[in-house]
Amino acid sequence: MSLPQLSPQLLDQQPELLADHRKLLALPEKIIQFGTGVLLRGLPDYFVNKANAQGIFNGRIVVVKSTSTGGTDAFAEQRNIFSHSIRGIENGRQVDETVINSSISRTLAAASDWADILECAHSSELNIVISNTTEVGIQLVDDDIFANPPVSFPGKLTAYLLERYKAFNGAPESGMVIVPTELIVGNGPKLKAIVLEQAQRHNLDRAFIYWLENYNHFCSSLVDRIVPGKPDAETVAALSEKHGFRDDLLIVSEVYRLWAIEGDQHVRNVLSFAQADKGVVIEPDIDLFRELKLRLLNGTHTLASGLAYLHGLDTVREAMENAETAQFIADVMLKELAPAIPYAVDPAQAQEFGNQVLDRFRNPFIRHQLIDITVQYTAKMKMRNIPTLLNHYQKSDEVPALFAKGFAAFLRFMKPVMHKDNAYYGERDGQPYSIRCDAAAYFDEKWKNAASPVDLAQQVLSDVSLWDTDLTLLPGFADAVKGYMTEPVFTGTSTL
């Protein structure tokens, strides 16, 4: 017997799936969202839905799809209702729950529904813009904002804001709160600068530009939640059987959630859904949250991924289930990285964040491949970890031995044994693995010409062009790295 599809009709038949669903589906539109991706549905839309359920925000979301989709449209079939399976570890406790999300009111395709999208600008209640158009979406391009539609997201946003300005005659209260979630530092000011440049290029009225600059709030934000792409068939089948319905829009995420938004009291008032969950943080400065994520979560990933992979492990979860690698991950994060974050951080807050990260790494429901974390390994090491290493030496003369071990593993991982079709491959237990890093050719040359692994370490550590500093000048660090290059780091299936 086939399962019924999630829809308003199913909610009518089974109201226990979503309490007060009729009331929630009738809420007015308050947000326009550029993007249909799983991250948006799993984080901002999750918070809005939770606030609606608590009677706090009481507003729904108009979603703009960048292109029209051919064939069956699950959003239309399900009237934009979807299920969200939340699975993982929180405070040491396993969580496995499902939420029915009814926060999306409509999905409009920019290519075919541009007039309807512009009509949304006439609504006084709809005063929030959210976006996730990937990092390449926030770019200045040669665009025509009067096209139907403009090509770029900033072009579309400029046209939308111009329509709103005209609809309300430039009234100050018609300004919007605009929150991009693209993974770019300073995404708010960058988007604002591009919109202003588009306005200048199109010779738009100076009064409109004044309204843009003074009455619209472009807020930088940082999003952090693992929301994988479409779940595999086995997961979909299991969850469908468990729920008793079929959902073509199903998403799965971890428990942890953070949306840090840079804003003042006005922004807090408009984004009232933030009251529903501690995962939404609105502060004048969100650099602290960015630093914690970059140095502890991302930095630990970078120091541990190559080491755990060469040890014969394939996923973060496996690394956390192995006593030796799990101890390394916890200790390098909490004992070496946390005290050396190059930003003023309360030590207790860093430890709390670190423990949350460890819970996330232990998530039994998420398969985060270690080999994927090594993509652009060298750039990640430089951006995420070298500032922390330098700051460590500003505070202490003690050699960060675990950092040195992770760095040695990075050097060992970056040893190509094969070059084929413009790609480089290393070797683990006799099997090739892909080295997906722009510096692969550099390391290929260094490894071929080095007299020994110790010589390789000396050459790479001292390369100012690679790190913008000579890492051999850090007392004891080079010696520690070299020591790990000549001795087995682990006693497992592989050695360094």
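This is a predicted model: local features need pLDDT of at least 70, side-chain atom pairs count only at pLDDT 80 or more; totals for chains, interfaces and linings use all residues.
Author: The largest cavity in it has a volume of about 80 Å³.

Reader: Which residues line the largest cavity?

Author: The lining consists of Ile226, His301, Val316, Arg317, Arg360, Phe361, Asn363, Ile366 and His368. Two elements give two or more residues to this lining: α13 (316–321) and α15. By class, the lining has 4 nonpolar, 3 polar and 2 charged residues.

Reader: What is the volume of the second largest cavity, and which residues line it?

Author: The second largest cavity holds about 60 Å³ of space. Around it are Thr300, His301, Ala304, Ser305, Ala308, Val316, Ala319, Ile329, Phe361, Leu370 and Ile373. At least two residues each come from α12, α13 and α16 (370–373), and α12 gives the most, with 5 residues. Sorted by class, this lining has 8 nonpolar and 3 polar residues, and no charged ones. His301, Val316 and Phe361 are in the lining of the largest cavity and also in that of the second largest cavity.

Reader: Helix α12 gives the most to that lining. How is the packing of two helices described?

Author: Two packed helices are described by the angle between their axes and the distance between the axes. In this model, helix α12 (residues 287–310) packs with helix α15 (residues 347–361) at an angle of about 45°, and their axes are 10 Å apart. The angle makes α12 oblique to α15. Their crossing is right-handed.

Reader: Which residues of α12 and α15 make the contact?

Author: From α12 the contact takes Leu288, Leu292, Lys293, Leu296, Leu297, Thr300 and His301. From α15 it takes Gln349, Ala350, Phe353, Gly354, Val357, Arg360 and Phe361. By class these are 8 nonpolar, 4 polar and 2 charged residues. Among them, His301, Arg360 and Phe361 also line the largest cavity.

Reader: Now the pockets. What volume does the largest pocket have, and how many residues line it?

Author: About 1500 Å³ of space lies in the largest pocket. Its lining has 50 residues, and nearest its centre are Leu183, Arg225, Ile226, Val227 and His368. Of these, Ile226 and His368 also line the largest cavity.

Reader: Which elements supply at least two residues each to the lining of the largest pocket?

Author: They are α3 (38–42), β9 (221–224), α10 (233–243), α12, α15, α16 and α17 (377–395). The largest share, 7 residues, comes from α12. By class, the lining of the largest pocket has 22 nonpolar, 11 polar and 17 charged residues.

Reader: What is the volume of the second largest pocket, and which residues are closest to its centre?

Author: The second largest pocket has a volume of about 480 Å³. It is lined by 18 residues, and Tyr256, Arg257, Lys278, Glu352 and Gln356 are the closest to its centre. Elements that supply at least two residues each are β3 (82–90), α12 and α15.

Reader: Which element gives the most to that lining, and how do its residues divide by class?

Author: Helix α15 gives the most to the lining of the second largest pocket, with 6 residues. This lining has 8 nonpolar, 4 polar and 6 charged residues.

Technical notes:
Residues are numbered from 1 along each chain as its sequence is written. Side-chain values use heavy atoms; hydrogens and water are left out. Axes are lines fitted to C-alpha atoms, for helices over the stretch in contact, and angles run from 0 to 180 degrees between N-to-C directions. Helices (H or I, at least four residues) and strands (E, at least two) are DSSP runs, numbered from the N terminus. Angles under 35 degrees count as roughly parallel, over 145 as roughly antiparallel, 65 to 115 as roughly perpendicular and the rest as oblique. A crossing is left-handed if the near helix is turned anticlockwise from the far one by less than a right angle, and right-handed if clockwise. Contact means heavy atoms within 4.5 Å. Ala, Val, Leu, Ile, Met, Phe, Trp, Tyr, Cys and Pro count as nonpolar, Asp, Glu, Lys and Arg as charged, and the others, Gly among them, as polar. On a 1 Å grid over the protein atoms alone, a cavity is a set of points where a 1.4 Å probe fits but cannot get out, and a pocket is an open set with protein on both sides within 12 Å along at least five of seven lines; lining residues have an atom within 4 Å of a point. Grid points are joined across faces, edges and corners, and a volume is the space filled by probe spheres set on the points.
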